[in-house]
Amino acid sequence: MAAVESLATEMDTAVRVVHLASSLCVKVQDKLRLPSSTNDGHVKAKDDDSPVTVADWGVQAIVSWVLAEVFGTQNFSIVAEEDTESLSNTESLALLGAVSNAVNEALSEAHKYGLPKPDKPLESTEILNAIGRCNSVGGPKGRHWVLDPVDGTLGFVRGDQYAVALALIEDGKVLLGVLGCPNYPVKKEFLSNGCSQSGAGSVSKGCVMYAKRGSGQAWMQPLLPGGYPESATLLKASTVDDPVLATVCEPVERANSNHLFTAGLTNSMGVRKQPMRVYSMVKYAAIACGDAEVFMKFAQSSYKEKIWDHAAGVVIVEEAGGVVSDAGGRKLDFSKGVYLEGLDRGIIACSNQVLHDKINHGAQRK
């Protein structure tokens, strides 16, 4: 496996492209919040009824295009959530046009982030090719970029929390992770209350968090509307190790999370605070920067966790001092392809080992 020291170009490129992608998301979300944009076809339903937006495809196109420009297309592998099927039919010409406009507007500013930009606007076929190139299924061998272009699309559509998540996996191990959190609030009490008070649509309120495996450090940069920031703040997870004092995050959606089980577990552990229900991998971000101590997700039995929903967040939390495992105490296995196979019931992320041991022990008793 590659040494941590050899990942400087990969990390630098990943952080910069997530900044650029987050800028695209802010602009698209602002448009979705306008009354005239509520029914203009910029949001579509996928086969599982989950939404997909111009931002999902736009971010995937940008990240794919930039990574290919920097690292070349030979042995190039991206595992990502979206495909081009619903963008390629004749009924989606307006949607494809909106995606193309968003992509080219963003790429025209790529130089502000120290990234390559195309000599001329990309044609729609080039954009579809970039999105379609993200068709890898990962696995135990080789190097794979893993992308969730807009994690928490429902939160994104509602003007709430979401994340752009990019990770690099080699031989089944997560080497680095980057999370763009454009609506990350200034005050943690706003996390589960939407973003109207925390500056949704204001890029200066957001951040990008990132970490390299084995570095023992996780970092946060502010999102700046003018381009790439030079400063970064070191993140440190909370030292609170008493469940009574812990702040717990859980998913908003009931479809893929067993809230009753989580409530029973937290009650048995003496947790006093009401859980914060937060969209997307922002839950991992909250633990990494000390705004929460616990994230638990116990999905319904038919639901299978995807690697792009966890890879970036896990490495950031762990390098900030936290611990992530399944309910049986085992590390998450990213070597089995698109899904986290063999998961024992659910996922538990905590800000420190002592707290994790207590929560995990409680989960094993239930």
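Predicted model: local features only at pLDDT ≥ 70, side-chain atom pairs only at ≥ 80, totals over all residues.
A helix here is a DSSP run of at least four residues, and helices are numbered from the N terminus.

Of its 366 residues, 57% are buried. If you take the contacts with a separation of 6 or more, 73% of them are between residues 24 or more positions apart.

Now back to Arg16. Is this residue buried or exposed? Buried means under 20% relative accessible area, and Arg16 has 17% relative accessibility, so it counts as buried. Setting aside neighbours within four places in sequence, Arg16 is in contact with Tyr113, Gly114, Leu115 and Tyr228.

One of those partners, Tyr113, also leads us to Gly227. Gly227 is in contact with Lys112 and Tyr113, again leaving aside neighbours within four places in sequence. You will find Gly227 in the loop between strand S8 (218-222) and strand S9 (233-235). Gly227 counts as buried because its relative accessibility is 6%, under the 20% cut-off. The chain brings Gly227 and Leu20 together from 207 residues apart, with 8.2 Å between their C-alpha atoms.

Next, let's turn to the positions annotated in UniProt. An unreviewed entry there places the feature "binding site" at Glu81, Asp148, Asp151 and Asp309. They span 229 residues in sequence, but no two of their C-alpha atoms are more than 9.5 Å apart, so these residues gather at one spot.

Asp151 belongs to strand S4, which runs over residues 143-151, while Asp309 sits in the loop between strand S12 (294-298) and H8. Asp151 counts as buried at 8% relative accessibility, and Asp309 counts as buried at 14%. Which residues does Asp151 touch, not counting those up to four places away in sequence? They are Tyr162, Ala163, Ser280, Met281 and Asp309. With residues up to four places away again left out, Asp309 touches Asp148, Asp151, Met281, Tyr284 and Tyr303. So that you can trace the link on screen: Asp151 and Asp309 touch one another, and Met281 is in the contact lists of both Asp151 and Asp309.

Gln161 is our next stop. Gln161 lies in the loop between helix H5 (153-157) and strand S5 (163-170). With a relative accessible area of 0%, Gln161 is buried. What does its side chain reach at 2.7 Å? The Gln161 side chain reaches the backbone oxygen of Asn183 at that distance.

Strand S6 (173-181) and helix H8 (311-319) are the elements that give two or more residues to its lining. There are 14 lining residues, and those nearest the centre of the pocket are Lys173, Val174, Arg213, Leu332 and Phe334. By type, the lining of this pocket divides into six nonpolar, two polar and six charged residues.

Methods: Residues numbered from 1 in each chain as written. Heavy atoms only, no water. 1 Å grid on protein atoms, 1.4 Å probe; cavity = no way out; pocket = protein on both sides within 12 Å on 5 of 7 lines; lining within 4 Å. Nonpolar A, V, L, I, M, F, W, Y, C, P; charged D, E, K, R; others polar. Buried < 20%, exposed > 50% of the residue type's maximum accessible area, 1.4 Å probe, protein only. Polar contact = N/O pair within 3.5 Å; in protein donor to acceptor, adjacent residues only side chain to side chain. UniProt positions renumbered as here; feature names shortened; annotations may be inferred. Contact = heavy atoms within 4.5 Å.
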